[in-house]
Amino acid sequence: MNTITLKIDGADRKVPAEVIDKKVWFKIDDRTFSYDLVELSQSSHVKTKSASKSPDKITAPMPGKMTKVFITEGQTVKKGDPLIVMEAMKMEYTLKSDINAQVEKVFVAVQQQVTLGHLLVQLKPEGVS
Amino acid sequence: MKQIRRVAIANRGEVAVRIIRACEELGLETVLLHSDVDIQSRAYRLATKTICIGPAATALSYLNIEANINGALAAGADAVHPGFGFLSENADFAQQCEKAGLVFVGPTSAAIRKLGDKVSFKNLAKKAGLPLIPGYDGEDQSVSGLLKEVEKIGLPVIVKAAAGGGGRGMKLIREMSEAKDLIESAQRESQSAFGSTQVFLEKYLERAKHIEFQIFGDCTGHVVHLFDRECSVQRRHQKIIEEATSPSLTDDLRRRMGEVACTIAALGKYTNAGTVEFLLQDDEFYLLEVNTRLQVEHPVTEEVLGIDLVKMQILTAQEKFIFSTNEIRIPRGHAIECRVYAEDPFMGGVPSTGLLGTVSWPEGPRRRYEYGFEAGDTITSNYDPMIAKVIVWDENRPRAIQKMVRTLKDSVIFGVHTNIPYLIQILNHPEFQSGKMTTRFIETYFAEGLKSDLTEDQIKKWAQEVNKNLKGSVTESNSLSLVSNLPSPWGSHWRAV
């Protein structure tokens with residue numbers, strides 16, 4: 001770990017920092033930040049975080065295992081319907097639909113291990129042809 | 001007296017380290033029974049001996065009774081400490097240890113069956129006229145049958161794994177429309193965590209506090225309570241912050257609850273360490289369950305009483321520990337424990353995994369750190385997200401809270417995100433500081449995790465600045481290593497001409 005000096009709101013702050021596994025880590029006050037070195041070198045317009053947040057794409061919020069897939073391709077789902085249950089660190093997480101939609105494609109099966117951000121389900125929002 | 005020379009540890013992480021330390025202080029050797037991925041852990045490096053008992057999947061290693069017993073026997077252990085979680089409350093495991101001639105560091109298998117099994121515990125408490133929460137614990141485990149019982153009890157209702165503990169396989173039903181999904185989910189979690197789909201139902205108390213009493217039975221069968229802890233700060237029924245003693249108990253309540261705790265323990269002929277859990281609402285208390293093992297939050301009891309529960313456990317297993325009858329135990333000051341989870345509080349608390357860089361826990365008076373992993377170890381998604389515990393003690397509760405905030409602020413963990421910012425916000429919350437928080441505290445104030453008040457651009461700017469600074473220091477060290485590639489000055493001086 002290194003301690004570097006960072007100017008924040010006009011004041012020089014001592015900030016613990018370190019590069020681990022292609023990410024830069026640093027701590028300011030109570031909060032620890034990490035930033036991907038590859039993303040860091042790209043201009044801010046390239047990074048499209050909104051893609052993973054679009055409600056028609058259900059992505060894994062964490063690495064883990066699929067324990068239940070409630071849906072099949074072609075069926076319709078309502079806002080709030082459970083789509084998939086996954087397990088990580090011995091806890092279950094239920095992924096629900098944020099929209100009324102038709103299930104266009106299911107990319108995973110029960111027992112499958114996925115990484116963070118893996119696309120699990122593609123939905124087709126209601127009223128969009 | 002039972003001869004114990006070498007203790008096998010059927011566990012991992014920080015509790016394995018805790019047990020190794022206690023054994024070594026008592027002059028005993030240790031054998032860590034670990035899964036293949038856990039060679040990357042502190043316990044692996046600290047144990048006298050280590051034996052790999054299976055792959056990462058818990059069912060094949062830490063929950064595998066045969067593998068644990070075979071490992072312990074192969075390593076020449078004469079006792080097994082199960083820690084908490086995994087097989088610690090499994091009566092079959094305790095019994096098979098007994099059969100194999102291994103001393104089980106904990107209660108007898110009979111006591112685990114009587115008090116650890118929730119159905120048997122309830123029957124025992126009911127018969128003795130002890131206070132219980134209304135619920136259903138019948139044989140009909142069909143989803144339709146359970147749904148009818150949920151209606152009968154009246155919402156909100158909680159579903160729990162009959163074989164479980166620690167929040168696994170536990171779900172809260174608030175709306176009848178969610179009931180079916182939640183019951184099925186509880187059954188699946190229960191199957192995956194404990195190998196049984198059996199669940200029971202209970203009325204959910206809305207404004208309850210979680211209070212528990214540490215109990216301890218010495219080797220003569222004399223059971224005492226070692227006062228109370230409060231663990232009302234829970235998320236998804238997993239405790240986050242625990243303290244001793246509870247800020248909510250009057251002397252009268254403490255005395256009455258302590259008596260109930262000792263009564264139920266005595267009915268189960270309890271020996272060794274255990275915990276009797278209660279819910280307290282409007283000065284009425286209800287027995288919740290007995291945890292027939294060492295508890296995650298045992299350090300806060302140790303800090304206010306100045307005792308070592310793990311050593312007491314081992315000495316009791318050796319039949320060396322007897323409470324003196326005229327000993328007066330009075331808790332002093334206030335202790336708080338915070339559980340450090342590998343998760344990102346700014347992303348709704350999703351698990352965070354990765355290679356650990358710096359792990360720094362700065363020392364100070366009455367700060368205590370229990371941790372299982374260090375720089376170079378990898379936190380995987382195979383196991384529980386709790387990677388460490390921070391415990392502080394001070395003269396009174398407000399000072400202990402201040403000390404905990406400072407201690408958490410001093411700590412640095414790089415490589416995984418942790419709930420430390422979340423813990424600090426909880427500690428600073430007026431309701432927590434008032435001591436009036438209930439088990440709904442997190443749900444009410446912190447359900448969504450933390451909101452970032454920083455823009456992505458700001459964070460990126462800092463990260464770029466930090467990275468540039470770091471590169472500066474890296475280049476320096478690189479330029480040093482370049483020196484060796486330059487022609488040696490000696491060579492230049494003694495050049496042949």
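This is a predicted model: local features need pLDDT of at least 70, side-chain atom pairs count only at pLDDT 80 or more; totals for chains, interfaces and linings use all residues.
As for burial, the buried residues of α12(B) are B:Ala400, B:Ile401, B:Lys403, B:Met404, B:Val405, B:Thr407 and B:Leu408. Note that a lysine, B:Lys403, is on that list. What covers these buried residues includes three strands of chain B, namely β15 (334–341), β20 (367–371) and β22 (386–394). The cover also includes two helices of chain B, α13 (420–427) and α14 (430–434).

Next, the sheet at the other end of the numbering. Chain B has an open sheet of five strands, in the order β3-β2-β1-β4-β5, and the pairing is parallel. Which strands stand at the edges? They are β3 (49–54) and β5 (103–104) of chain B. Each has a single partner strand, so one side of each is left without a neighbour in the sheet. Further in, β1 (residues 6–9) and β2 (residues 29–35) of chain B run parallel and are joined by four bridges.

Helix α3 of chain B, residues 65–74, lies across β1, β2, β3 and β4 (79–81) of that chain. The helix runs at about 155° to β3(B).

Now a helix pair. Helices α4 (residues 91–99) and α5 (residues 109–116) of chain B pack with their axes 8 Å apart, at an angle of about 170°. An angle over 145 degrees counts as roughly antiparallel, so that is how α4(B) stands to α5(B). From α4(B), the contact uses B:Ala91, B:Ala94, B:Gln95 and B:Glu98. From α5(B), B:Ser109, B:Ile112, B:Arg113 and B:Gly116 take part. By class, that contact has three nonpolar, three polar and two charged residues.

Last, the contact between the chains. Chain A gives 33 residues and chain B gives 38. On the side of chain A, the elements that give two or more residues are β1 (2–8), β2 (11–20), β3 (23–28), β4 (31–36), β6 (64–69) and β8 (82–88). The largest share of that side, six residues, comes from β2(A). By class, the side of chain A that touches chain B has 21 nonpolar, five polar and seven charged residues.

Key:
Residues are numbered from 1 along each chain as its sequence is written. Chains are lettered from A and ligands numbered from 1 in the order in which they are written. Axes are lines fitted to C-alpha atoms, for helices over the stretch in contact, and angles run from 0 to 180 degrees between N-to-C directions. Angles under 35 degrees count as roughly parallel, over 145 as roughly antiparallel, 65 to 115 as roughly perpendicular and the rest as oblique. Two residues are in contact if their C-beta atoms, placed from the backbone, lie within 7 Å. Ala, Val, Leu, Ile, Met, Phe, Trp, Tyr, Cys and Pro count as nonpolar, Asp, Glu, Lys and Arg as charged, and the others, Gly among them, as polar. Two strands pair if DSSP finds at least two bridges between them. A residue is buried if 20 or more other C-beta atoms lie within 10 Å of its own, exposed if 12 or fewer, and partly exposed in between; C-beta atoms are placed from the backbone.
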